[in-house]
Amino acid sequence: MKLKLAVLLAGIALATAVPLHEPSRDNHGAQVLRVKVTDLADLTYFAYLQSRTTLDFWTEPRALGEIDIMVRRWDLPMLKAVLLHRKLQYSIHIADVHRHLADMKEKHLQARTRAGDARMSWDAYYNYDEINAWLDSLAADYPSIATVTDVGTSYEGRTMKLLKLSTGQAVHAIFTDGGMHAREWIAPATVTYFIQQLVAGDGVGLLDDVDFYFMPSINPDGYAYTFTEDRLWRKTRSPNPGSPCVGTDPNRNWSFHWMEGGASDMPCSEIYAGPEPFSEVEMRVVRDQLLVLRPRVYLTFHSYSQLWMYPWGYTTDLPDNWEDMHSLAIAAVAALTAVHGTQYEVGSSSNTSYIAAGGSDDWALSVGGSEYAYTIELRDQGQYGFELPENLIIPTAEETWEGFKLIAQFIGHY
Ligand SMILES: [Zn+2]
């Protein structure tokens, strides 16, 4: 029995190591398993699986606790055997991913119909072109404070826009991006909500003290792909020569301690770091803006898990100013929680989750020279996961706005 299981375990790793064809992304019968991890050795094992197989970890293998793994139907028998062998408790969180996505697609269509043809509302999710058109409309509607600049082009040729909101009086700047991982739709939705609050909501006054830079959707090709082809796409859409698998994990692609842990050199992995640092043009575009703007605060929005994290991701060591970042995060989360009671965990990336090198926050704090850098994993904790329903966009955005506002107020005055 022991030998047989060892072969099974190796099977999971090796079956996908050097595939001749692109591994199928067919979700019929795929399940999301929620696994309870109480042992560090098991956590290490899952981190290994994440980097060496095509298993799709919906939540990163974190500090001990629950992790959600999507397992396609042909991998299910093996993985369930592994879980049994390692005596790991799990529940079937989503019994059929394909059916779940089909149901949600219907709901997205209904939400879009209800939302009508307003340029942007926060009761539906908007595609990449719609977000860009909305950014352009802001420059036209608020010419005294809003400037939109085309700052680059994605691999597939989509224009990447930078929005600057400024009255020309501020000394400090906050740079905010979202949508680095394509399927995390709540991130661009939340970031665009911040913009709306700053141009015409209760954030207008903040512009006297802080300049704001926004790029709400920095993986344009991947994001577009989630609307048309594959709702669960995470990576970029650039091909990998010599491999049938497409895309790089943009949040493993930044140059600071690139590939030093929690990243994969296998193009078929969901956490493939790319052939070299900054291989992805979209991340080079964002990097170049950060190098010019040198924002005091860098914020990047992801989902899901409800975590407010600061560097480092590449090591469990902490940056020199971690206590400042920690205190400000605690205050931001308190403001967030006060709105709807939503609980967030605060900590350094490698202490709230497993080591992951090549993230944008590590780079922003070190090379980019930002004083504060945060990766925020928005709602929820897996109940809906990436498919956060439209009626939860505004509650998510308005609570996160309070945390964002607190950071802006602090930066403006201290
Ligand atoms: Zn993400």
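Biologist: How many aromatic pairs does the structure hold?

Modeller: This is a predicted model, and the structure holds 28 aromatic pairs. One of them is formed by W254 and F278.

Biologist: What makes the pair of W254 and F278 edge-to-face?

Modeller: The angle between the planes is 65°, and over 60 counts as edge-to-face. The centres are 5.2 Å apart, and the cut-off for a pair is 6.5 Å, so W254 and F278 do form an aromatic pair. Both sit in the loop between helix 7 (220–228) and helix 8 (281–293), 24 residues apart.

Biologist: Why is W254 called buried?

Modeller: Buried means under 20% relative accessible area, and W254 has 0%, so W254 counts as buried. F278 comes out at 7%, so F278 is buried too.

Biologist: And R379, why does that count as buried?

Modeller: The cut-off is 20%, and R379 has 10% relative accessibility, so R379 counts as buried. You'll find R379 in the loop between strand 12 (372–378) and helix 12 (393–413).

Biologist: How do you know that the side chains of R379 and E399 make a polar contact?

Modeller: The distance is 2.8 Å, and the limit is 3.5 Å between N or O atoms, one able to donate a hydrogen and the other to accept it. So the pair of R379 and E399 qualifies as a polar contact. The side chains of R379 and T342 are joined by another polar contact, at 3.3 Å.

Methods:
Residues numbered from 1 in each chain as written. Predicted model: local features only at pLDDT ≥ 70, side-chain atom pairs only at ≥ 80, totals over all residues. Heavy atoms only, no water. Helix = DSSP H or I, 4+ residues; strand = E, 2+ residues; numbered from the N terminus. Buried < 20%, exposed > 50% of the residue type's maximum accessible area, 1.4 Å probe, protein only. Phe/Tyr/Trp six-rings, centres within 6.5 Å; stacked < 30°, edge-to-face > 60°.
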